[in-house]
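This briefing outlines the fold, surface and annotated segments of one protein chain. Please read it alongside the model shown here.

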Amino acid sequence: MKQQTTAQTIYSYKLLHRFRWGIVGSLSQLLLIGLSLIAISMLLNVPVDRLIVTLAILPAVSISHLIVFRLFAQLRELRPHTTADMLVSPWWGAGYRLPVPLSIYRTGESVVLAGSLCLAAAAYVWLPVEYGLTLLSGSLVLSLPRLLALLVSFRQSKNCRVKYENKGVAFLLTDG
């Protein structure tokens with residue numbers, strides 16, 4: 001029997017750097033959200049316990065990240081991938097199945113960061129002051145994983161690729 005061969009390209013990747021947002025990062029985010037509630041309380045002269053209910057607006061941040069990411073991916077004709085860990089992932093479950101070039105990663109993360117902050121600022125004028133301030137501060141605090149990973153990406157070589165993982169991103173260099 002004659003075996004038929006097909007043309008295949010197999011790439012192997014060398015890990016340059018892995019940025020993970022672990023338990024320490026999540027705890028620091030919780031601390032920053034608590035500190036922002038205290039700051040809002042002092043600014044508005046409202047007891048902190050009355051501001052606890054304003055935390056109900058924070059899931060809107062994850063929804064805005066996901067919507068802006070999916071919109072960016074659709075406009076660039078990329079194939080986004082949404083995972084089941086949407087509400088517990090620092091990237092809100094958004095990424096790509098395959099590694100993407102560094103330029104696409106940087107552009108996408110910048111668009112998501114700017115877009116989610118602009119959506120929060122636009123919603124601020126329609127919300128009560130307490131909710132608006134909580135949304136703005138929550139957008140800043142919950143964007144920290146994306147922002148720090150974006151800053152780490154500037155230390156990588158221009159021809160590396162980025163793979164979204166469960167709790168972080170990996171910067172890879174291909175051999176082919």
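The accessible surface of the protein chain comes to about 10700 Å², with 65% of that area belonging to carbon and sulfur atoms; areas come from the Shrake-Rupley method with a 1.4 Å probe, and for residues only the protein chains shown count as cover. The model is predicted: local features need pLDDT of at least 70, side-chain atom pairs count only at pLDDT 80 or more, and totals for chains, interfaces and linings use all residues. Residues are numbered from 1 along each chain as its sequence is written, and side-chain values use heavy atoms, with hydrogens and water left out.

**Fold**
- The protein chain has six helices and six strands, taken as DSSP runs (helices H or I, at least four residues; strands E, at least two) numbered from the N terminus.
- From the N terminus on, the order of elements is β-α-α-α-β-β-β-α-α-α-β-β.
- The C-alpha trace spans about 80 × 30 × 30 Å along its principal axes.

**Burial and contacts**
- Of the 176 residues, 40% count as buried, meaning under 20% relative accessible area (1.4 Å probe, protein chains only).
- Of the contacts (heavy atoms within 4.5 Å) between residues at least 6 apart in sequence, 71% join residues at least 24 apart.

**Annotated segments**
- An unreviewed UniProt entry lists residues 21–44, 50–72, 110–127 and 133–154 as "transmembrane region"; such annotations may be inferred rather than shown by experiment.
- Residues 21–44 are 92% helix and 0% strand, with end C-alpha atoms 32 Å apart.
- Residues 50–72 are 70% helix and 0% strand, and their end C-alpha atoms lie 37 Å apart.

Notes: Buried means under 20% relative accessible area, exposed over 50%, partly exposed in between (1.4 Å probe, protein chains only).
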